[in-house]
Amino acid sequence: MKERVPPGQSVVDEMPVLHAGSIPKIDPAKWEFRIFGLVEKEKILDFNEFMSLPMRKSKSDIHCVTGWSKLDNVWEGVSSQTIKNLVKILPDAKFAIVYAEGGFTTNLPIDDFFGQDVIFAVRQNGKEITPEHGWPVRLVVPRLYFWKSAKWVNGVEFAKEDRPGFWESRGYHNRGDPWKEERYG
Ligand SMILES: Nc1nc2c(c(=O)[nH]1)N[C@H]1C(S)=C(S)[C@@H](COP(=O)(O)O)O[C@H]1N2
Ligand SMILES: [Mo]
């Protein structure tokens, strides 16, 4: 049987709050989610349009590069597969660059972004995501270290070339597979 917890990780009960900068104040009336870059036609959704998209639930584990893991989180939100169906992605697109409030970005190979368990979450364990954990929408990429799971997300760009994001250009690994301990550079 596959180990449940990746090497070098310890399981915690409480989820820490970790991010650079301060918690942004977001006004739903001004909030937008933008899908752009290598797509036939870019798509902008307002808050109500985003919240009306089909949602699904997915249970997964969190592994943070700093060494904690939190098991069995039930996330509910918009699957990256649903995002895919809103635009026509051009064949040159090889990377997804995810954007969050205040200029935070994180980069993913397109296959990681379209993993079946990748969700733009609005609820965690049945409750609305709290401001410190990314309200109104946070990305969840269970198969990679948790820094890829951007909080306060507001868009995704499809790109031909890779572009290291906030943590990736500050010493974190470009991909971040916890099973391979891809922690730093
Ligand atoms: N927008 C944004 N998202 C972010 C970060 C950040 O600095 N800004 N930090 C990442 C890191 S390093 C971690 S470990 C997780 C922490 O998520 P949590 O505070 O919900 O536990 O958020 C990730 N998402
Ligand atoms: Mo982190």
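Here is a short tour of the model, stop by stop, for you to follow in your viewer.

Before you click, know that this is a predicted model, where local features need pLDDT of at least 70 and side-chain atom pairs count only at pLDDT 80 or more, while totals for chains, interfaces and linings use all residues. Residues are numbered from 1 along each chain as its sequence is written, chains are lettered from A and ligands numbered from 1 in the order in which they are written, and side-chain values use heavy atoms, with hydrogens and water left out.

**Stop 1: ligand 1**

Select ligand 1 and show what is around it.

Now zoom in on the backbone. Polar backbone atoms of L18 and A20 are each 2.9 Å from an oxygen atom of ligand 1. Over at S149, a polar backbone atom is 3.1 Å from a nitrogen atom of the ligand. Taken alone, ligand 1 exposes 540 Å², and the protein buries 98% of that (areas by the Shrake-Rupley method with a 1.4 Å probe).

**Stop 2: the pockets**

Where does ligand 1 sit? In the largest pocket (more than half of its atoms lie within 2 Å of the pocket's grid points). A pocket here is an open set of points on a 1 Å grid over the protein atoms alone, where a 1.4 Å probe fits, with protein on both sides within 12 Å along at least five of seven lines; lining residues have an atom within 4 Å of a point.

This pocket has a volume of about 520 Å³ (the space filled by probe spheres set on the points). Of its 28 lining residues, L18, H19, A20, K151 and W167 are closest to the centre.

Next, select D13, E14, M15, K70, Q124, N125, K127, E128, I129, T130 and H133, which line the second largest pocket. About 270 Å³ of space lies there, and the lining has 2 nonpolar, 4 polar and 5 charged residues.

**Stop 3: two backbone details**

Stay with N125: its phi is near 50°, a positive value in a residue other than glycine. Finally, go to W135 and P136, joined by a cis peptide bond with omega about 10°.

Technical notes: Polar contact = N/O pair within 3.5 Å; in protein donor to acceptor, adjacent residues only side chain to side chain. Nonpolar A, V, L, I, M, F, W, Y, C, P; charged D, E, K, R; others polar.
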